[in-house]
Amino acid sequence: MAGFCGNCQVMVAGQDGPVALSEVQKGQLVQCFDTVTAEMSWGEVARVELRCPASAEWVTVRLSDGTSIDMTADHPMLVRGQAPGRRAFHTVLAKHLRAGEHSATNFRNEQVEVIDVCPKPEVDDMQHLASLSIRHAERYAPLLRLASSAEHCLAVSSSDLQERRLEAKGTFLSEEVA
């Protein structure tokens, strides 16, 4: 099961501050990166799952802006690639992120480079794993905020997406044809 520690946070419409993933409910709107408009937007929560992380494989992803985040190795991440005349977005599992090849989008809508991805043998202080799925997951990537720092926030893919490459065509997303 893809996910993050339950103390990671998202911005929820109508709330004054960030809300822990473990407290988010189906139907709420969370702040997202819109892959079609390349701007911040709101996406509707389709599903939230909580469970014990004992059997999960974890990695730590470090980014060039100082963000360091623990997530399951199979969690999909939204990365952007440039192709002539179009914006292409990739969904890459966290364990497949590569330094110098991938970057993520932060809450300022800036690209931050992946520095490294390291296996995390033990997950301390994590009582549960939280998995968040967003409606229209191909378009909306929730902005995940670290509980320890309001400055470190990045767009991740909905936990139910598979690894794939998407291409923006007008206001639609489609599988990119090689």
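Modeller: Helices and strands here are DSSP runs, of at least four residues (H or I) for a helix and at least two (E) for a strand. The model is predicted.

Biologist: How many helices and how many strands are there in the protein chain?

Modeller: By that definition, the count for helices in the protein chain is zero. For strands, the count is 16.

Biologist: What share of the contacts between residues at least 6 apart in sequence joins residues at least 24 apart?

Modeller: Contact is taken as heavy atoms within 4.5 Å. Among the contacts in the protein chain between residues at least 6 apart, those joining residues at least 24 apart make up 60%.

Biologist: Which residue of β12 is the bridge partner of Val48?

Modeller: Strand β5 (residues 39-51) runs antiparallel to β12, and six bridges join them. Within β12, the partner of Val48 is Leu132.

Biologist: Which residues touch the most other members of the largest nonpolar core?

Modeller: This core holds 30 residues. The elements giving two or more residues to it are β4, β6, β7, β8, β11, β12 and β13. Apart from its neighbours within four places in sequence, Val30 is in contact with residues including Met11, Trp42, Ile134 and Pro142. The members that touch the most others are Val10, Val24, Val30 and Val61.

Biologist: In the hairpin of β10 and β11, which residue takes a positive phi?

Modeller: β10 and β11 pair in the antiparallel sense over three bridges, and Ala104 stands opposite Val112 in β11. Five residues lie between the strands of the hairpin. The residue with a positive phi, near 65°, is Asn109.

Biologist: Is Thr105 buried or exposed, and which side chain does its own side chain contact?

Modeller: Thr105 is found in strand β10 (residues 103-105). Its relative accessible area is 3%, so Thr105 is buried, the cut-off being under 20%. The polar contact of its side chain, at 2.7 Å, is with the side chain of Gln111.

Biologist: Where does Thr67 lie, and what joins its side chain to that of Asp65?

Modeller: Thr67 lies in the loop between β6 and β7 (68-72). At 1% relative accessibility, Thr67 counts as buried. The side chains of Thr67 and Asp65 are joined by a polar contact of 2.8 Å.

Biologist: How many disulfides does the structure hold?

Modeller: Cys32 is buried, with a relative accessible area of 0%. Cys118 is partly exposed, at 33%. The number of disulfides in the structure is zero.

Definitions and conventions
Residues are numbered from 1 along each chain as its sequence is written. This is a predicted model: local features need pLDDT of at least 70, side-chain atom pairs count only at pLDDT 80 or more; totals for chains, interfaces and linings use all residues. Side-chain values use heavy atoms; hydrogens and water are left out. Buried means under 20% relative accessible area, exposed over 50%, partly exposed in between (1.4 Å probe, protein chains only). A polar contact is a pair of N or O atoms within 3.5 Å; within protein, one must be able to donate a hydrogen and the other to accept it, and residues adjacent in sequence count only if both atoms are side-chain atoms. A disulfide is a pair of cysteine sulfur atoms within 2.5 Å. Two strands pair if DSSP finds at least two bridges between them. A nonpolar core is a set of buried Ala, Val, Leu, Ile, Met, Phe, Trp, Tyr and Cys residues joined through side-chain atoms within 4.5 Å.
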